[in-house]
Amino acid sequence: WGFVAEVKPGAPIYWCGEQDSSWTVTENWRDAGGNCRAPVDTDEIIIRAGCPNWPVMESGTKVQNAFRVDSGAEFTIRDCTLYATNAFVSEGTVRLEGNVRVVCSNAVSLTGSTLLAGPQSVFRLEGPTDQSVDPAGCAFHRFEIEKGAGDVTFGSGFAADVLDVKTTGPVMLAFAPGETVAATEAYVRGC
């Protein structure tokens, strides 16, 4: 037996995918010191290019501090809810398969990313703080914004089958000049 190193909040943990694609297999992860350990909710998840197996997050609810999917890397979220409490950044490929909800309460950047959003997927912004969002022209199935406070600034345009905005307090949505938001259905409710 041995002692597990202290996990510092916000510490980076890297997907290596040495065993398989399972999110919960400890041997698929390395901390900054090269030690195997499963991620905890305060970690910064980093998925780098060149792994033998790409991660698949399945079933249940996961809470993570931050996500980064590097260029050339892939990440699949399948039939679960993911809460990214600090940042969700992707320059790689993100697949939303099945009944998926990605909920972000802080910064989002999809610059350089390929987003493959399935027909039941939801990408949602929420929380009381200001949010900076760069959807980088990605196409979403359902894009939701539900806030009681805090403004949302979009750095680029996007498309969605459904755009659903609900506010319970003063919230400003600001869009970069010349950018387009295209939605087949759009709903704006609240204050």
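Within the predicted model, Phe-67 in strand E5 is the bridge partner of Ile-45. Strand E5 covers residues 61–69 and runs parallel to E3, to which 4 bridges join it. On its other listed pairing, strand E3 (residues 44–47) meets strand E1 (residues 12–15), again in the parallel sense and over 4 bridges. Here Trp-15 stands opposite Ile-47 of E3. Strands are DSSP runs (E, at least two residues) and helices likewise (H or I, at least four), numbered from the N terminus; two strands are taken to pair if DSSP finds at least two bridges between them.

The model is predicted, with local features requiring pLDDT of at least 70, side-chain atom pairs counted only at pLDDT 80 or more, and totals for chains, interfaces and linings using all residues. Residues are numbered from 1 along each chain as its sequence is written, and side-chain values use heavy atoms, with hydrogens and water left out.

Trp-15 and Phe-67 both belong to a cluster linked by ring pairs, which also includes Trp-23, Trp-29, Phe-123 and Phe-143. Across the whole structure, 15 aromatic pairs were found. One of them joins Trp-23 to Trp-29 in an edge-to-face arrangement, at 4.8 Å centre to centre and with 80° between the planes. Trp-23 counts as buried at 5% relative accessibility, and Trp-29 is buried at 0%. The rings of Phe-123 and Phe-143 are stacked, because their planes lie at 20° with the centres 5.9 Å apart. Phe-123 is located in strand E12 (residues 122–126) and Phe-143 in strand E14 (residues 139–147), so this pair ties together parts 20 residues apart in sequence. Both Phe-123 and Phe-143 are buried. Rings of Phe, Tyr and Trp (its six-membered ring) pair if their centres lie within 6.5 Å; planes under 30 degrees apart are stacked, over 60 edge-to-face and the rest tilted. Buried denotes under 20% relative accessible area, exposed over 50% and partly exposed in between (1.4 Å probe, protein chains only).

The chain contains 18 strands and 0 helices. Its radius of gyration is 17 Å, close to the 16 Å that the globule rule gives for 191 residues, so the chain is as compact as a globular protein of that length; the radius is taken over C-alpha atoms, and the rule is 2.2 Å times the number of residues to the power 0.38. Along the principal axes, the C-alpha trace spans about 55 × 30 × 30 Å. Buried residues account for 43% of the 191 residues.
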